[in-house]
Amino acid sequence: MRGRTIAAVVLLVAGALLFWSGAWIQIKAVVAQGMLEFAWGQTVISGKPVKPWPWADHWPVARIGFPEQGEDFVVLYGDNGSSLAFAPGWNIRSARPGDEGVTMISGHRDTHFRLLEGVTVGEQITLENSRGRVHNYKITNINTVDYRMANIPSNSMFRRLVLVTCYPFDAVVAGGPMRYVVTAEQVI
Amino acid sequence: MSRKVIKAKSGLVWQSAWLVVGLMISAMGWGVEITKINEVRQGELLLKTENPNEYQLAPIVSTDAVIEITGPIARTRVRQQFTNPGDSWMEGVYAFPLPENAAVDHMRMVVGERIIEGMIKERQQAKKIYQQAKSEGRRASLVEQIRPDLFTTSVANIGPNSTITIELEYQELLSWQDGQFSVRYPMAITPRYLPATVDDSEIRELFELNDGWTVVPLANTGKEKSKRESQQETPRKNPPISLTVHLDAGFPLEEIFSRYHKVSTDIPLDGGEGKRRIRLDASSHASDHDFVLYWKPKAGSAPRAAFFTEKGDGGDQHGLLMVMPPQQEALVLPPARELIYVIDTSGSMDGPSMAQAKEALRKAVSRLTPRDSFNIIEFNNSASSLFDGPERATPDRLLIADHYISRIESDGGTEMMGALRMALAPKYGWTERGSEERLRQVVFITDGAVGNEVELFRYIHENLNGRRLFTVGIGSAPNSYFMRKSAQFGRGTFTYIGDSDEVAEKMDLLFTKMEQAVLTDLVVELEGVEGEIVKMLPEEAPDLYRGEPVVISMKMRQTPTRAVLRGRFNAKPWSSEIALKGGREQAGLGTLFGRRMIESWMDRKAVGADEDDVRNAIIQLGLQYHLVSKYTSLVAVDVTPAERLQEIDKREMKMNHRLASLKLAKTATDSEIRMIGGALMLMLSMLLYRRRRVTA
């Protein structure tokens, strides 16, 4: 009798915690964007990196907009898990946002970059750099790749934007090898 | 008793737990399945293997072209990336069109960080080197010419999941006509290379020669599909292509535009006047047309004449002289003409081609004046004509001609020789007094679907008798090689009409030209280099029509001081002198000269020169100027065997990932699975709680 009560309570607590931890990821992603928005405004004005909250490891480096989707996000420095939790992240080995070359920005498929599922070739993307300059891009290619054999060249004579998220969008379990890659070229 | 129940219930709990785990596993498995289906949807070509249910992916070729234009020369670097998406070693063969006068002179094979420069060899020898390397498991590549405008790249031993890049370079002389310059880049898949124009036997030969996987950009021919028995082929996308033009025109620009494709143009940072960077808009691939870019000098800065030189090894120099004859003086009354129109009414012309041809013909006839005489010949299996011989273009005869044209219908085969005999027969020559002053012109309107090209060239060459032959290519897929060459042997020009909207514009341009034969019997003499000029090309200068320049390639010991051009301008003697001081240094003139020499030897073969002589001469030229030709190919072999390199390769690939290629981030959270797991646990807890109350 008691054993079962304990089991029920344990399951209740564990289940609530697990559910909350999953929901927290979603909440963080939404709430963080609001705080990042403020930091981004400061960044553009001051021209210096501004941390969104005192203990943050990352700072905003760009703002990416999807006019046709009616969405925009502040992009954080670095694309490891700690920054992607709050915002799409810029790959620090790629060209700086707005610079000539290939700029790579990744985002979680179940939070910010879920919208990549809906974009189509020809759509416009805007990218504002930390100096407040906006570059326009147009989607030229959408592809899925296996990251183990993906070969995304890091150099280009022109401004190219590569957006990456996990694929398939509706896979329940994280960590699959497939990536959804959206390439956009600068429109002059 | 209740214990048993409990046991059974706790069994249920565990079963439920397993269900959760099972769900998770199946979810993972499900994700993988989707991925596989998706891979198929990417538009890759699957090839059947010997086992009925196994397929292999064909190598993917993506192309990246950069055209650098300086002065009169365009140099194009084409990068072809061969990617092997499968798990086994494979060979890729890729056939691709290039401009007809392209001089292919460099090939590099890029494997990881190693670059292997291609060497020019006699064709059979190059093939042997390639085959041997292939059988020894080495990476090798071979660039061959199938026709002057069709080349193949073969790449042997592409490792599983790896890429070999082939870099080709070719150069060409820009076209300068009607005051504007242009450059053309053939797009990989075009209906102009449907079997109607591609010589079937050549393509078949190509398939037989290479037992490896074959990627020929003719994927839109039904026949080929059945040949490959490709399965599950989703509508195939064009091979990825990017195209950039760096233009340094050398003069201020008035206008720059692309004929069929959307482009974006900007001025590079170091851009002076006349410098532009043009990029093909990737989203607007019109794959049914070649990319053509035109640019025009600002009024007043248009060049009248240009002279370029290039210093070579061993004291030899190469030169290029371009002179635009005066344009204004064409107001003089044009000489009377005798015009023979020949129209192809064979079955292959059926449909829009025939309608275009008839429209073009009507247009032509409407421009005749009573001073001219004319005749119309139609041919399919046999040839017949409107009149027995050329007749004066009186109004009533023009009416008869119009009736004749409307009755024309397409049917039957193409027997061009009969029509040519009729058009060039001596009895059709003008016999009245003053015939010397008369321009005798033949206009040939056809899609050029013929098999006996060489025989026809020879006939034209031998029976021209002072006439001029103009060819008009009709339809989406004319045999432009045949028509350009016949126009050259016929000392006329070739006009290509691809679109029915272009008929009026292009025919007007052609007939204006033909009415104003500007320069005939042109002779070019160079002064200041007596006895030391080695060679001038073309050896026999063609007539020049309005808007066309004289273009002469030369090889010489020293720079001439003056060029003297003599000829007949609208049938009156004419001469012009050009001081050649200060010729600008220009790279690529030697290559241009070599390419034109090879072409002139090929022409000699077409008019009956000894095959062996031609072959030897062209091999010599090919080796000397490092050019791919009918008898010479470029071959590159990686000295280290590919199989043994596997280990090194893996390391290299890792390095590459860090150096050249960007790593992809982990871009999914377990937010959903946690929420699902959490929800399931909450449900289980409820279940247990309720069960407890029931049993209590």
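In chain B of this predicted model, helix α8(B) meets helix α9(B) through E453(B), L456(B), F457(B), I460(B) and H461(B) on the α8(B) side and F482(B), K485(B), S486(B) and F489(B) on the α9(B) side. By residue class, the contact of α8(B) with α9(B) comprises five nonpolar, two polar and two charged residues.

Two packed helices are described by the angle between their axes and the distance between the axes. Here α8, residues 453–463 of chain B, and α9, residues 480–489 of chain B, have axes that come within 9 Å and cross at roughly 20°. Angles under 35 degrees count as roughly parallel, and α8(B) and α9(B) are therefore roughly parallel to each other. The crossing in which α8(B) passes α9(B) is right-handed.

Chain B also holds an open sheet of four strands, in the order β12-β13-β19-β16, with antiparallel pairing. At its edges stand β12 (175–177) and β16 (253–258) of chain B; each has a single partner strand, so one side of each is left without a neighbour in the sheet. From one strand to the next, the twist averages 20°. Strands of a sheet pair through backbone hydrogen bonds, either parallel or antiparallel. In the case of β16(B), the pairing with β19 (residues 291–297) of chain B is antiparallel and runs over five bridges. Within β19(B), W295(B) stands opposite I256(B).

Chain A contains two helices and eight strands. Along the sequence these elements follow the pattern α-β-β-α-β-β-β-β-β-β. Of the 188 residues in chain A, 41% are buried. Among contacts in chain A with a separation of 6 or more, 55% involve residues 24 or more positions apart.

Note on methods. Residues are numbered from 1 along each chain as its sequence is written. Chains are lettered from A and ligands numbered from 1 in the order in which they are written. This is a predicted model: local features need pLDDT of at least 70, side-chain atom pairs count only at pLDDT 80 or more; totals for chains, interfaces and linings use all residues. Two strands pair if DSSP finds at least two bridges between them. Axes are lines fitted to C-alpha atoms, for helices over the stretch in contact, and angles run from 0 to 180 degrees between N-to-C directions. A residue is buried if 20 or more other C-beta atoms lie within 10 Å of its own, exposed if 12 or fewer, and partly exposed in between; C-beta atoms are placed from the backbone. Two residues are in contact if their C-beta atoms, placed from the backbone, lie within 7 Å. Angles under 35 degrees count as roughly parallel, over 145 as roughly antiparallel, 65 to 115 as roughly perpendicular and the rest as oblique. A crossing is left-handed if the near helix is turned anticlockwise from the far one by less than a right angle, and right-handed if clockwise. Ala, Val, Leu, Ile, Met, Phe, Trp, Tyr, Cys and Pro count as nonpolar, Asp, Glu, Lys and Arg as charged, and the others, Gly among them, as polar.
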